Amino acid sequence: MLEFVVPALNLKAILPQLILALTALTVLLVDVFAGKDGKTSLGGLSLIGVVAALVTLFLSRGDFESAYAGMLAVDGFGFFITLIICLVALLSILVAISYEKVCPEIRSGEFYSLLLFAAFGMSFMGSASNLIMIFVALETMSISIYVLAGFKRDNLKSIESALKYFLLGAFASGFLLFGFALIYGAAGTLDIVKLGSFFTAHPDLLHQPLVMGGVALMTVGFGFKIAMFPFHMWTPDVYEGAPSVVTGFMATGVKAAAFAALVRVFFVAFAALQTDWTTIMWIAALLTMTVGNLIAISQTNIKRMLAYSSIAHAGYLLIGFVVGSEIARSAILFYLLGYAFANIGAFAVISAMGSKGEEYNELSDFQGVGFKYPMLGLTMSIFLFSMAGIPPAAGFMGKFFIFSEAIKAGYVWLAIFGVINSVISLYYYLGVIVRMYFKDPEREISIAAPAGTLVAALSLAAFGVLQMGIFPSYVWDLARASAKMLM
Amino acid sequence: MFDYIWLVPVFPAIGVLINGLLGRRIEAVSKHLIHWIACGMIALSFTVTCVIFYQLLQLPGDQRFYQVTCLDWIQSGVLQTYIAYQIDPLSMMMAMFVIGIGFLIHIYSIGYMWEDEGRYYRFFVYLNLFMFSMINLILANNYLLMFLGWEGVGLCSYLLIGFWFDDEANAIAGKKAFITNRVGDFAFLIGMFLLFTGLGEHGVWSLQFSEVFTHVHYLSQSQATMICLLFFIGCTAKSAQIPLYVWLPDAMAGPTPVSALIHAATMVTSGVYMISRSNVLFSMSPFAMGVVATVGALTAIFAASIGLVQNDIKKVLAYSTVSQLGYMFLGLGVGAFAAGMFHVLTHAFFKALLFLGSGAVIHSMHHAYHKVHCHDDPQDMRNMGGLKAKTPITFWTFLIATLAISGIPGFSGFFSKDEILWQAWSSPQGSWILWLIGAVAAGMTAFYMFRLVFMTFFNECRAGEACEHIHESPPSMTGPLCVLAFLAAVGGYLGVPHALGGSNLFHQFLEPVMGLGDGKLLHDATQAASHGVEHAAQAAGHLMHAAAGHVAEAAGHAAEGAEHGGESMFMEYLLMVVSVALACFGILIAYIFYIRKREIPAALAEKYSFIHRLLLNKWYVDELYDLVIISPLRGFAYFLWRGVDVGVVDYIVNGVARVVGWGSSVVRYIQSGYVQSYAVSVVFGTVVLLAYYFLKAL
Amino acid sequence: MIDNQSVYLAISIILFVIGAAGAICRRNAIVVFMCIEIMLAGVSIAFVTFSRANQSLDGIFMVLFVMAVAAAEAAVGLAIFVLMYRKHGSIDLDKFNLMKW
């Protein structure tokens with residue numbers, strides 16, 4: 001029926017991902033054969049793997065190419081997403097090593113290998129160029145994270161978090177898959193580049209129900225992963241219940257990976273339909289950021305608050321998505337990286353707020369932290385400033401790039417709503433800082449002294465945030481160079 | 001060596017960093033180290049300046065121009081600004097004497113501030129910071145960097161006026177200086193914006209001097225006038241002219257070296273420097289020039305009149321400074337930019353000397369009072385007298401400076417002041433009224449300066465038992481006095497006018513910079529037919545030449561054309577004699593009033609008590625400003641605070657916040673916590689999306 | 001006359017909707033998960049149908065992956081359900097409402 005060509009084995013194209021996967025497997029093996037003492041080295045081992053992946057990522061950065069018969073697009077976009085994912089994984093592992101004190105359950109090989117598998121999946125989502133590939137990568141990521149969310153097996157919230165994420169995730173995957181099926185029915189291919197050229201070549205077929213339904217259902221599937229309104233409902237519950245380090249990981253990594261896939265599918269495959277999906281995404285962006293910011297105001301749990309804030313950030317990112325120019329896509333990449341640094345940093349601080357078995361997640365627990373634990377207070381302030389978009393932090397430059405591009409492209413109202421939302425968000429971000437520095441503690445909390453790895457993670461994240469905020473040109477140039485996609 | 005010009009500002013900056021960051025520790029170890037660092041940095045800076053100045057002199061006149069770009073500063077769209085310095089006769093002349101006098105005053109401060117425990121290092125940090133800012137102001141090759149220096153010196157002025165901030169009066173004086181200067185800075189900024197956009201309309205997006213001045217003809221007459229007037233408002237604040245001069249007399253609250261350095265010799269003349277620098281721009285607007293000249297002349301006589309009756313030794317000098325600055329602006333306003341700058345130079349010498357001398361007097365008085373535990377005011381001249389014998393070096397140097405400022409022939413002030421007066425008479429922008437005002441003010445200057453000398457150094461000592469304890473200041477203070485006295489005496493020979501057989505070196509030196517301005521004005525002058533026709537043709541012809549780029553040469557010829565008028569030479573001698581006569585007359589009256597018949601001043605004050613009180617209270621200008629500007633502004637501010645801000649804005653803001661908070665507390669309940677209700681929301685979203693897309697498909 | 005493809009597509013949509021409705025309405029976690037599997041079955045039928053119609057194998061490969069992933073999900077899901085039962089003594093979804101608002 002069809003000739004079958006065995007594609008060339010292009011290892012160079014997938015070297016960083018390969019290293020991530022191999023490290024994950026090695027960690028599992030070591031976990032089996034190492035004794036009790038050996039388990040403490042698992043974190044270090046995964047760390048080495050991620051660093052190796054980062055190094056090879058830069059070393060193997062080459063020309064644009066399509067690898068494995070069109071399954072993978074080795075391009076700047078994938079490179080930048082993989083960069084974000086590797087940094088996220090690196091920071092998460094650093095935090096996790098110190099988090100073992102608070103949550104002893106994670107001192108096992110599964111934790112680190114699941115984290116690495118998830119990173120492996122995320123990274124492939126960024127460069128997947130075929131819907132099959134996107135689905136497989138997405139599920140690799142999701143299934144790992146379902147497990148990670150429920151890793152605190154004795155904690156009711158953690159179980160509930162895993163349950164909700166699992167059921168809703170599987171539910172949303174169904175929609176995504178059905179969307180794939182309808183598009184496949186209409187165009188006869190699952191290859192994103194071929195889909196793009198097919199739709200450009202057949203404008204008359206664009207508005208048939210199969211395509212429209214497919215686009216709608218795929219919007220649902222991706223919208224669920226990036227926490228777009230009204231598919232965002234799972235976010236607060238899952239983020240609140242999951243172990244803090246996992247929350248930081250999924251709030252940044254999943255969002256980056258899902259956004260990457262969304263951008264690639266919609267700008268490469270559905271470029272011809274841009275006028276159709278722009279309007280609905282405009283509304284979605286507005287509602288997403290408004291709902292996120294609005295509900296965040298009245299939260300009392302900091303993880304839940306940051307969950308709503310991450311919904312709002314998805315809204316800001318959607319503004320860049322709606323604008324859609326190449327500069328706007330660069331702005332999305334820049335924003336994702338800045339957001340990743342700030343958010344993972346914030347969750348690192350939260351995960352440091354605890355001692356054996358107990359975490360201090362209420363906002364009132366942060367009262368007086370600024371002076372009692374100056375390092376935590378200072379870095380937390382930097383991260384919150386960044387998320388609020390106050391200079392000289394990365395978040396400011398990210399918002400600046402996105403909003404200014406929106407204005408240039410004529411989406412003045414969207415930019416105005418974005419700015420208004422930023423103002424609203426100041427209330428709850430600064431609220432934390434006010435509590436840290438200007439209020440006296442309500443109850444005694446004892447925090448384990450921050451481990452070296454935690455200090456390293458906090459410093460790295462703070463450095464990233466400030467570097468991108470004060471000297472944005474390096475990362476911005478990188479993002480500008482990366483935003484070119486293989487089409 | 002030109003490429004190392006950046007060293008000049010960098011040395012003081014290093015001093016600031018070392019003493020500023022480690023000063024407290026260094027002072028604990030050794031106080032000497034502090035001033036070695038601070039003075040050493042200025043000395044190094046001065047050495048570099050001297051070398052560059054020497055090299056500049058080696059070049060032929062029309063090649064004395066060099067720019068050095070050190071750093072990118074602001075790169076934003078069309079605005080490209082660099083930290084870049086310009087070496088030309090004007091900037092180097094200014095740098096030479098500013099850094100030179102700055103160095104002397106640093107030395108002097110060692111003795112003067114020695115007993116200030118714990119804040120010694122801070123004083124030198126501020127002084128070094130001031131030098132850094134001032135050097136940036138002078139050497140800048142664009143308006144923005146100049147403005148940075150302009151603001152920097154303003155900041156240092158504020159910090160140093162309020163240096164002894166334990167006394168609230170000093171802090172208030174500092175604030176007054178700062179706020180008054182803000183008014184001027186605002187105008188300067190607006191002027192800069194107008195210049196930038198005005199030239200930008202024609203595609204010249206630049207604030208760099210060389211760029212601006214070659215394209216200045218793009219500006220319309222009204223634009224140029226507007227920009228010049230705004231710049232001049234900036235100058236009235238920085239250089240203490242009517243109406244913004246009020247801060248300078250109060251600024252005497254600072255330590256005396258500060259008064260000498262910042263509020264007499266250097267910073268206050270930066271307005272004059274700025275206008276000289278912009279002479280091409282100002283030459284475009286006769287109206288703005290007229291305003292400059294008029295304001296200058298009025299300030300000169302107005303401040304001199306107040307100086308007549310003041311009793312605080314530093315207040316007299318302060319008003320004298322305001323008055324002398326008025327002279328400089330008078331010179332600029334009639335188009336004699338070089339003459340104005342010449343007066344800046346000579347004034348720097350003798351006024352710095354006067355202030356340092358007064359500082360030495362105050363220092364001696366203070367010590368004497370301290371010994372006998374008396375709390376009388378050491379600055380009040382009524383407590384002094386007879387210091388001639390006790391502080392001889394101070395007296396003789398002071399006398400030289402007084403002769404210079406009074407315009408006695410042979411001393412520096414004579415040459416510069418006389419040149420300004422002559423230009424005020426003869427230049428096309430000038431008139432006999434301007435000359436008359438200037439000449440009368442010169443007479444008044446001679447009077448109050450000798451009044452000061454007589455009251456301080458002559459007659460008997462009026463300090464009571466403290467008299468025995470008055471003695472000369474330490475060598476670190478008298479040394480700079482002697483150097484400055486030498487300069488004040490002979491500094492004027494740099495610019496001996498042609499009328500007296502000199503060659504006016506100073507003019508020649510500045511010609512490449514001032515050329516276009518002077519030349520253009522003289523061009524206007526010749527059109528007014530006050531000179532021979534052939535000179536007009538010559539000047540005009542050369543002016544066109546000037547447009548082709550040979551600015552210096554043309555202006556040189558034009559200047560020649562102006563000065564070789566036949567009878568004008570005789571007129572110049574006549575005016576010279578008149579102004580010297582007026583000065584001598586002033587000295588004579590002072591001699592009669594304060595040595596011979598000392599009852600006369602009191603009797604006069606009695607008889608004309610209204611005028612006396614008016615002058616003593618400085619024409620009630622401060623009170624007037626308070627009534628007309630400050631009080632209404634304060635009332636308006638109170639209304640904005642209580643009425644608008646608290647009543648309306650806060651109400652709205654809090655209301656909005658409350659509504660948002662309420663909305664938040666309601667909306668959060670859509671998040672029920674049941675997993676299946678979340679699934680419903682997914683389905684709901686799906687239905688909406690499907691509906692939207694299917695409607696599109698129809 | 002309705003062609004075969006439309007019939008199969010209709011079946012797949014019906015299965016999908018049944019699954020979605022079940023996932024929303026049922027309270028037992030395992031039943032809900034089974035309903036989601038029904039949705040995936042609907043998707044698989046659609047893929048196979050289109051694969052046949054388009055004369056390409058992509059759809060069939062996709063179905064293979066869907067089945068593999070469903071198996072993995074089932075493993076993880078059942079583990080979570082066991083954990084729920086141990087902690088709560090029930091797998092009634094209405095009882096898992098600790099985090100809300």
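## Where chain C meets chain A

Let's start with the meeting of chains C and A, to which chain C brings 34 residues and chain A brings 33 residues. Two residues count as in contact if their C-beta atoms, placed from the backbone, lie within 7 Å. On the side of chain C that touches chain A, two or more residues come from each of helix H1 (4–25), helix H2 (29–54) and helix H3 (58–88) of chain C. H3(C) gives the most, with 15 residues. Helices here are DSSP runs of H or I with at least four residues, strands are E runs of at least two, and both are numbered from the N terminus.

By class, this side of chain C has 26 nonpolar, five polar and three charged residues. Ala, Val, Leu, Ile, Met, Phe, Trp, Tyr, Cys and Pro count as nonpolar, Asp, Glu, Lys and Arg as charged, and the others, Gly among them, as polar.

This is a predicted model, in which local features need pLDDT of at least 70 and side-chain atom pairs count only at pLDDT 80 or more, while totals for chains, interfaces and linings use all residues. Residues are numbered from 1 along each chain as its sequence is written, and chains are lettered from A and ligands numbered from 1 in the order in which they are written.

## Chain C on its own

Chain C has three helices and zero strands, giving the pattern α-α-α along the sequence. Its radius of gyration is 17 Å, well over the 13 Å from the globule rule for 101 residues, so chain C is more spread out than a compact globule. That radius is taken over C-alpha atoms, and the rule is 2.2 Å times the number of residues to the power 0.38. The C-alpha trace of chain C spans about 50 × 25 × 25 Å along its principal axes.

Of the 101 residues in chain C, 38% are buried. A residue is buried if 20 or more other C-beta atoms lie within 10 Å of its own, exposed if 12 or fewer, and partly exposed in between.

Within chain B, helix H6 (residues 168–200) packs against helix H8 (residues 221–238) at an angle of about 155°, with their axes 7 Å apart. Axes are lines fitted to C-alpha atoms over the stretch in contact, and angles run from 0 to 180 degrees between N-to-C directions. H6(B) is therefore roughly antiparallel to H8(B), a label for angles over 145 degrees. Their contact has twelve nonpolar, eight polar and two charged residues. Among the residues that meet are B:Phe188 and B:Leu194 in H6(B), and B:Leu230 and B:Phe231 in H8(B).

## Backbone details to look for

Most residues other than glycine have a negative phi, and most peptide bonds are trans. A cis peptide bond joins A:Pro391 and A:Pro392, with omega about 5°; A:Pro392 sits in the loop between helix H15 (374–388) and helix H16 (394–408) of chain A. Another cis bond runs from B:Ile242 to B:Pro243, with omega near 5°.

In chain B, the loop between helix H26 (609–616) and helix H27 (621–667) holds B:Lys618, and B:Trp619 is in the loop between H26 and H27 too. Phi is positive at about 55° for B:Lys618 and near 60° for B:Trp619. B:Lys618 is buried, with 21 other C-beta atoms within 10 Å, whereas B:Trp619 is partly exposed, with 13.

Terms used. Angles under 35 degrees count as roughly parallel, over 145 as roughly antiparallel, 65 to 115 as roughly perpendicular and the rest as oblique.
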